[in-house]
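Have the viewer open and follow along.

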Amino acid sequence: MMKYLLFAGVLAAVFNACMQPSGPRILPILGERDVVNGDTVYPSIPDFAFVDQDSQIITNATFKDKIYVADFFFIHCPTICPKVKANGLRIYAKYKNDERLGMLSHSIDVKNDTVAALRRHAEKLGIDAKKWHLVTGDHDAIYSIADDYFSVATENPDLPGGFDHSGRIILVDKNRHVRSFCDGTDAKDVDRFMVDIDALLAEQFPGK
Amino acid sequence: MIDRNTWIGLTTAALCVVFALAAPNGGGEIDTLKKSTLAIHDEAMKTMADMNRIGRMLKREMTALDTLAPRRETIRQALGRMKQAEEGMYAWMQQYTPPDDMKPEVAKPYLEDQKRKIEQNRRDIQEALEAGRSLLKQ
């Protein structure tokens, strides 16, 4: 009897192993897709140009051949932003030396969060501008691109979305598509998000 | 029979308990006030994002209008109101200091004042948003 049970157990384990998908986990491309001339078109992050804490112009080209995480904040935010920054620092610490990933935080308080203020804030956080860009720019351009990110990174794709000061951190792939997002105020959700980052790195940089 | 020293000890302990229960729970009240003030801020920020969206739509409309069109001036005034409401929010955040190091008798009136200010700003943002929405519908 024991022999048959053992045989059944081994068979079940082998069957289970065969059913596991091989290769890296593929994250879905988020957002409503269109079909244009027979091709499926996914929402993508539009062109942008902002300036960071080192007075460098940051555009989509800054993240060429990279994936990046993006969020929106302001220095004097008393509630959500400190928690998001604390979790952002965990992401920074984990991927600090990984050139395949960049980080981009947009300030929505363009009047007060000047380049100098962003530099002081970056120094306080202890971050390197080559890795984590804190950017400012045209007020409407920042709010508009926030809507572009948040309308895709939404819990309910059936509802019109947009920037909502929710503390979301968003993961963008090499083709400007949003692939994941998390609640930046929730440490456990950020843990899950970092697993997604690893999955996207494996997918987009095979063998590296 | 309980001896004299034990009676003194028990009485002292009982008095301590009575005073502890009777003392005002300043910490709890301050924390509640702080949370409710910041909740108003968070709500106002979401409304501000909506206001900003309407503002961008109005700006796009304005650029398409003839420079002498009366509607241009109406839109300009609505946008001015939005800008003022938004700047009010950022000004509030710049001056807000978490009352973590304040004594309760200082923290309470401070937070009550901050709450009044952010409630006013929330109203300003809401009114600017509604005025902008109404203008878009015309």
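This is a predicted model: local features need pLDDT of at least 70, side-chain atom pairs count only at pLDDT 80 or more; totals for chains, interfaces and linings use all residues.

## A strand with both faces covered

Five of the five residues of β7(A), which spans residues 132-136, are buried, so the strand is largely enclosed by the rest of the structure.

## Neighbours in the sheet

Which strands pair with β7(A), and in what sense? Strand β3 of chain A, residues 49-52, runs antiparallel to β7(A), and two bridges join them. Strand β6 of chain A, residues 101-107, pairs with β7(A) in the parallel sense over four bridges.

To get from β6(A) to β7(A), the chain passes through helix α3 of chain A, residues 115-125, in a right-handed β-α-β crossover.

Now for the empty space. Rolling a probe the size of a water molecule over the atoms shows where such space is left. How many cavities of 30 Å³ or more does a search of the whole structure find? The search finds one, and the volume of the largest cavity is about 60 Å³.

At least two lining residues come from each of β5 (67-73), α2 (80-95) and β6 of chain A, and α2(A) gives the most, with four. By class, the lining of the largest cavity has eight nonpolar, two polar and two charged residues.

## The largest pocket

The largest pocket holds about 470 Å³ of space. Its lining comprises 21 residues, and A:I75, A:H76, A:C77, A:P82 and A:K124 lie nearest the centre. Both chains take part: α2 and α3 of chain A, along with α2 (26-64) and α3 (70-95) of chain B, each supply at least two lining residues. The helix that gives the most is α3(A), with five residues, and this is the helix of the crossover between β6(A) and β7(A). The lining of the largest pocket divides into 13 nonpolar, three polar and five charged residues.

With buried meaning under 20% relative accessible area, A:C77 counts as buried because its relative accessibility is 5%. A:C81 counts as buried as well, because its value is 6%. A disulfide is a covalent bond between the sulfur atoms of two cysteines.

About 300 Å³ of space lies in the second largest pocket. Of its 17 lining residues, A:H139, A:D140, B:K59, B:K83 and B:E86 are the closest to the centre. Here α4 (139-152) of chain A and the helices α2 and α3 of chain B each supply at least two residues.

Which helix gives the most to this lining? That is α3(B), with seven residues. The lining of the second largest pocket has five nonpolar, four polar and eight charged residues, whereas the lining of the largest pocket has 13 nonpolar, three polar and five charged ones.

Definitions and conventions. Residues are numbered from 1 along each chain as its sequence is written. Chains are lettered from A and ligands numbered from 1 in the order in which they are written. Side-chain values use heavy atoms; hydrogens and water are left out. Buried means under 20% relative accessible area, exposed over 50%, partly exposed in between (1.4 Å probe, protein chains only). Two strands pair if DSSP finds at least two bridges between them. A crossover is right-handed if, with the strands pointing away from the viewer, the path from the first strand over the helix to the second runs clockwise. On a 1 Å grid over the protein atoms alone, a cavity is a set of points where a 1.4 Å probe fits but cannot get out, and a pocket is an open set with protein on both sides within 12 Å along at least five of seven lines; lining residues have an atom within 4 Å of a point. Grid points are joined across faces, edges and corners, and a volume is the space filled by probe spheres set on the points. Ala, Val, Leu, Ile, Met, Phe, Trp, Tyr, Cys and Pro count as nonpolar, Asp, Glu, Lys and Arg as charged, and the others, Gly among them, as polar.
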